[in-house]
Amino acid sequence: MSLPDPKRQIQSGSQLNERIMLMKWFRKIGGFGRTALMLAVMAILASCTANSPEREDEKMESSSRSSVEQPNEASKAESKSDQESKDKQAAEGDQEESANDPDVVFVPTPQPAVEKMLEMANIESDDLLYDLGCGDGRIVVTAAKKYGIEAVGIDIDPVRVKEARQRVKENDVEDLVTIKQRDLFEVDFSDADVVTLYLLPGLNKKLKPKLAQLEPGSRIVSYDFEMAGAKPDEVYKSSSGDEWTGTIYKWVVPWEKETK
Ligand SMILES: C[S@@+](CC[C@H](N)C(=O)[O-])C[C@H]1O[C@@H](n2cnc3c(N)ncnc32)[C@H](O)[C@@H]1O
């Protein structure tokens, strides 16, 4: 058994005395005094916490947050123009991705008929060709490969657009051919020298006013369907020797009116 350390005993004895004195004083100051003392201690503690380094970090964070939430005038103007350009891009993207119903389903022109259509178009080296409703892109790709001209394919159907772009890539004519997903009735093709069509008689008729405004000498070549009221300059009907069956119509701007 070890004896108690005298130093320790002295220290704990004086601590005991201090506590007894404190309790006596606490009792002496009464209920009101004790409440006042508690409040003072709480106030001191609160002010210490408010000035602590952690609290400073919190303030920095909240001020940087508030600078994002409440932009000054310059950043407001910047974010407005950012938003406008985002809206514009979104609108263009929507148009690009629009999935309106086609006015006519996809039926490809037989490849030998494509060759004949382009032959009838009397293509020159600096011509620009549009295929309105380009389907899988066979006409625009053939025009670029065989005649080395620039061509634009327009189709509203995203599946066709994908196929056409694939064909363009496979045939390595990306520098000459552009495929756009658009409604052909909303496209500006006023720079066309040649327009190819495989639509329907009613759609050709609807396009007539725009086609009539093309530069004189521009050629329109349609597979299978006429354009009511416009007299074709040339009509080719397939014969038994051809590997396809159908009729090709060609108009040169300005065409003669047809009176039937
Ligand atoms: C009969 S296919 C002709 C395809 C191609 N020109 C050819 O000769 O092989 C008609 C094409 O027109 C497209 N089409 C229909 N309505 C359209 C519109 N309003 N705008 C753009 N393309 C449309 C269809 O998706 C389809 O691919």
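Two residues are regarded as in contact if their C-beta atoms, placed from the backbone, lie within 7 Å. In the predicted model examined here, Glu234 is in contact with Met120 and Lys250, once its neighbours within four places in sequence are left aside. Glu234 belongs to strand β7, which comprises residues 234-237. A separation of 15 residues in sequence divides Glu234 from Tyr249, yet their C-alpha atoms are 6.0 Å apart in space. With 13 other C-beta atoms within 10 Å, Glu234 is classed as partly exposed, because this class lies between the exposed limit of 12 or fewer and the buried limit of 20 or more.

Helix α6 was considered next. This helix is formed by the 13 residues 158-170.

Arg160, Val161, Ala164, Arg167 and Val168 are buried. When α6 is viewed down its axis, these buried residues fall within an arc of 125°, and they therefore line one face of the helix. The cover over the buried residues of α6 includes helix α5 (138-147) together with strands β2 (150-155) and β3 (177-181). Val159, Lys169 and Glu170, by contrast, are exposed on the other side of α6. Just after the helix, Asp172 adopts a positive phi of about 60°.

Terms used. Residues are numbered from 1 along each chain as its sequence is written. This is a predicted model: local features need pLDDT of at least 70, side-chain atom pairs count only at pLDDT 80 or more; totals for chains, interfaces and linings use all residues. Helices (H or I, at least four residues) and strands (E, at least two) are DSSP runs, numbered from the N terminus. The expected span of a helix is 1.5 Å times one less than its number of residues. The arc is that of the directions from the helix axis to the C-beta atoms.
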